[in-house]
Amino acid sequence: MSSFQALRTQYASRLKAFTTSTKVFEVLTTIPSGPSADPETLYVLDSSFNPPTRAHLRIVSTALLENSRPRRRLLLLLAIHNADKPSKPASFEDRLAMMELFARDLRPQLASAPAFEHAVENIPLIDIGVTKKPYFIDKAAAIEASDSYPTPMEQVHLMGYDTLIRIFDLKYYPPEHNLKSLAPLFSKHRLRVTMRPSDGWGGREEQEEFLAALARGDRDSDGARREWADRIQLVEGRRPTDQPVSSTRAREASQSAPQDLEWLVPEQVRQFLLSEHLYSGNSKV
């Protein structure tokens with residue numbers, strides 16, 4: 001059995017145990033394993049990882065490289081609330097395997113950065129976690145309530161601008177359809193949002209205006225609070241001259257332009273995709 005197949009089998013077993021348990025959140029593994037000090041800050045990247053890309057790598061690395069303070073940790077989180085249905089096009093165990101490979105690629109990249117050059121011991125450990133909760137605020141609460149991390153501990157959720165818009169969409173908060181349920185989140189935790197200027201989401205000025213409107217009180221009638229704007233950090237995304245990177249584009253490249261995977265996904269993820277043919281219709285599963 002190849003190392004990739006062994007990794008997939010390992011996660012399939014852990015995932016089955018989790019789905020049949022009463023837990024709603026669990027850390028399945030930590031990279032690297034071993035004892036560590038309790039973190040004061042947990043950076044959380046919640047994504048479908050279908051597959052993990054260099055865009056994910058940039059979001060995480062830029063956040064962690066803002067400073068090299070110790071006692072931080074990173075959680076790569078996969079939601080499996082629809083685990084009773086086949087996960088397409090990559091299975092959950094394949095995604096978890098790729099998340100571990102992504103973590104293995106990330107740590108050397110951080111180690112080579114000047115921020116950690118003389119403080120490699122401060123490179124955060126990386127947890128691979130799963131949750132049965134589909135909604136953002138419930139995921140944050142499940143992490144907080146688990147025995148995996150100390151309390152109190154600040155969570156910093158890493159996301160794109162599109163996710164920020166969904167968090168403030170009233171349709172996700174029935175039956176009242178207001179934002180008051182976000183209060184516990186913003187009283188303890190923060191959001192670090194990568195801007196995504198596009199035809200769909202507007203330019204940088206429009207995205208910055210979303211936060212300014214929140215601070216002005218334009219969403220007060222929806223149950224929001226103005227001080228929440230202080231808990232949201234907007235950061236630059238890719239440069240206009242950069243090639244757009246996405247999981248969709250990586251899946252397409254797997255089928256028709258495998259050479260493009262070199263700049264679309266981290267190296268160990270690329271090797272996994274080429275070896276296992278996840279998106280080509282003749283997967284080794």
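Let's start with Arg231, which is partly exposed at a relative accessible area of 22%; here buried means under 20%, exposed over 50%, and partly exposed in between, with a 1.4 Å probe and protein chains only. A quick note on the source: this is a predicted model, where local features need pLDDT of at least 70, side-chain atom pairs count only at pLDDT 80 or more, and totals for chains, interfaces and linings use all residues. Residues are numbered from 1 along each chain as its sequence is written, and side-chain values use heavy atoms, leaving out hydrogens and water.

So who does Arg231 pair with? Its side chain meets that of Glu154 in a salt bridge, 3.2 Å from N to O; that term means a side-chain nitrogen of Lys or Arg within 4 Å of a carboxyl oxygen of Asp or Glu. This pair links distant parts of the chain, 77 residues apart: Arg231 is in the loop between helix H7 (204-216) and strand S7 (232-235), and Glu154 is in strand S5. Helices (H or I, at least four residues) and strands (E, at least two) are DSSP runs, numbered from the N terminus.

Next up, Glu236 and Arg204 form a salt bridge at 2.2 Å, N to O. Those two are 32 residues apart, with Glu236 in the loop between S7 and helix H8, and Arg204 in helix H7. Glu236 is partly exposed at 43%, and Arg204 is partly exposed at 39%.

Glu100 is buried at 6%, while Arg104 is partly exposed at 34%.
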